[in-house]
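Here is a short note for a colleague meeting this structure for the first time. Please keep the model open while reading.

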Amino acid sequence: MDQSPDTDLASIYRAEYGRCVATLARLLGDINLAEEAVQDAFTTALQKWQTPPPNPGAWIVTTARNRAVDRLRRESTREARHAQALLLHQQDEPREVGPVQDDHLRLMFTCCHPALAPEARTALTLRLLGGLDVPEIARAYLIQEATVAQRIVRAKKKIRDAAIPYRVPAAHELPDRLPPVLTVLYLMFNEGYASTAGPLIRTDLCTEAIRLARELAALMPDEPEVLGLLALLLLTEARRPARLDPAGELVLLADQDRSLWNVALIAEGHDLVRRCLRRNQPGPYQIQAAISAVHTDGAATDWQQVLALYDQLLALAPTPVVALNRAVAVAEVHGPTVALAALEGVDLPGFHRLPATRAELLARLGRDDEARAAYDQAMALATNETERAYLRTRRRQLTREWRARGPRRRGDPDEEPPGDGGVEHAGGLPRLAR
């Protein structure tokens, strides 16, 4: 089916926005001007394109560059005239020498400057380079949209007021800037794998996050958390072909057709996990990668091992989302009653997977009225229609399925995982950020 021009432009915007901003920031040396110029270029594209050009990203960059020149011509300062001259006459676009060669990754390290508040670094980077909107960033952090918007505004103001330059970070600066860069890649992939709205999967975000993680691993091969993140993304991506059935409905891990999984990505991910284990410097991304490795090792999941790994993860990253995902593993090892007790005190306002997991556990116990109420709560919070449709289906099945079979004993062959609480179930990454 042919897409409308508006639909084509929307998909191009999602795929190209971050790259275009990164390229313009390198040319201009000004992140704010680069972003404004790229936005102007997309506005021009909306007005002029009947069909997208063969290389839409190059068209956007060229148009944005011309818009930036026009703006600089209107400026009266000597610095603006100098910048204009550089844009007009340095057509070969000389590259600054430094350890980070990829434009996208360069700007990530720039936005993650230590002068910015930690939460502002990742919010700004996700907006500029991930192409994520404010609602998507708010969902990633489980906070209010207004808070995200304020963080982005403050970060841009800080960059302007402190005259933070766009330049290639020196090699010795990279380790200090690494944690927020890892967070950005992690959340980029997560939004692509379980998007806030629209299609459940945004392949463009998943592909770009993996590409950048590979670039980062080549740049910093001795950083175990970099290898752990790459392994996590590869092992999660490997299961993507089985996440939706032919009708586009969500398929949980227990029901997925493992023959659809990408064997090459699994092998690569397992090799990276083994490299991390040999280093014996465990971190949150490495442990999550190890959990994914267990899920993709053999025909069935070793839930005892998964629970042991979640215990380690909770010790390193004691966040409510990790506690939620650990409770899912508890249900598989010790049953739904113990898992419900583990969820007591877990507070995740606005996050639909907490009531969704509670609903599945209550349904296992035959507490149908409570399960229905929890499903209703989860549906009200879920923002993606594919996830809402799955929850509606599970709610409808309560009477004829759960009542018919009653509470299940641990080990029954047809027992399903208790919900889409984490990476091992519906396929979303168990977010650490909050």
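This is a predicted model: local features need pLDDT of at least 70, side-chain atom pairs count only at pLDDT 80 or more; totals for chains, interfaces and linings use all residues.

1. Local features are discussed where pLDDT is at least 70.

2. The overall make-up is simple to state. The protein chain has 19 helices and 0 strands. It holds 434 residues, and 55% of them count as buried. The exposed surface comes to about 18,800 Å². Carbon and sulfur atoms supply 51% of that area.

3. How far along the chain do contacts reach? Take the contacts between residues at least 6 apart in sequence. Of these, 67% join residues at least 24 apart.

4. Look next at the largest nonpolar core. It has 134 residues. Val38, Met108 and Leu216 touch the most other members. Helix α9, residues 174–193, gives the most to this core, with 11 residues.

5. Set aside residues up to four places away in sequence. Met108 then touches Thr125, Leu129, Val181, Val184, Leu185, Met188 and Leu212. Thr125 is one of the buried residues of α6.

6. Which residues of α6 are buried? They are Ala120, Arg121, Thr122, Ala123, Leu124, Thr125, Leu126, Arg127 and Leu128. That makes 9 of the 11 residues, so α6 is largely enclosed by the rest of the structure.

7. Helix α6 (residues 118–128) also packs against helix α8 (residues 145–161).

8. From α6 come Glu119, Ala120, Ala123, Leu124 and Arg127. From α8 come Arg151, Ile152, Ala155, Lys156 and Ile159. By class, the contact has 6 nonpolar, no polar and 4 charged residues.

9. Now compare the pair α9 and α11. Helix α11 covers residues 224–238. The two axes come within 11 Å and cross at roughly 5°. Angles under 35 degrees count as roughly parallel, and α9 and α11 are therefore roughly parallel to each other.

10. This second contact can also be read residue by residue. Leu178, Leu182, Leu185, Tyr186, Phe189 and Tyr193 come from α9. They meet Glu225, Val226, Leu229, Leu232, Leu233, Thr236 and Glu237 in α11. The residues divide into 10 nonpolar, 1 polar and 2 charged.

11. Helix α7 (residues 134–141) is another element to check. Of its 8 residues, 6 are buried, so α7 is largely enclosed by the rest of the structure. The buried ones are Glu136, Ile137, Ala138, Arg139, Ala140 and Tyr141.

12. What follows just after α7? Leu142 does, with a positive phi of about 55°. Leu142 has this phi although it is not a glycine. It lies in the loop between α7 and α8. At 11% relative accessibility, Leu142 counts as buried, because the cut-off is under 20%.

13. Asn280 has a positive phi of about 55° and is not a glycine. It lies in the loop between α12 and α13. Is Asn280 buried or exposed? At 64% relative accessibility, it counts as exposed.

14. Pro169 sits in the loop between α8 and α9. Its relative accessibility is 1%, so Pro169 counts as buried. Arg106 is 63 residues away from Pro169 along the chain. Even so, their C-alpha atoms are separated by 7.7 Å.

15. End with Thr63, found in helix α3 (residues 56–74). Thr63 is buried, with a relative accessible area of 14%. Which residues does it contact, leaving aside neighbours within four places in sequence? They are Ala41 and Thr44.

How values were computed:
Residues are numbered from 1 along each chain as its sequence is written. Side-chain values use heavy atoms; hydrogens and water are left out. Helices (H or I, at least four residues) and strands (E, at least two) are DSSP runs, numbered from the N terminus. Buried means under 20% relative accessible area, exposed over 50%, partly exposed in between (1.4 Å probe, protein chains only). Contact means heavy atoms within 4.5 Å. Ala, Val, Leu, Ile, Met, Phe, Trp, Tyr, Cys and Pro count as nonpolar, Asp, Glu, Lys and Arg as charged, and the others, Gly among them, as polar. Accessible areas come from the Shrake-Rupley method with a 1.4 Å probe; for residues, only the protein chains shown count as cover. A nonpolar core is a set of buried Ala, Val, Leu, Ile, Met, Phe, Trp, Tyr and Cys residues joined through side-chain atoms within 4.5 Å. Axes are lines fitted to C-alpha atoms, for helices over the stretch in contact, and angles run from 0 to 180 degrees between N-to-C directions. Angles under 35 degrees count as roughly parallel, over 145 as roughly antiparallel, 65 to 115 as roughly perpendicular and the rest as oblique.
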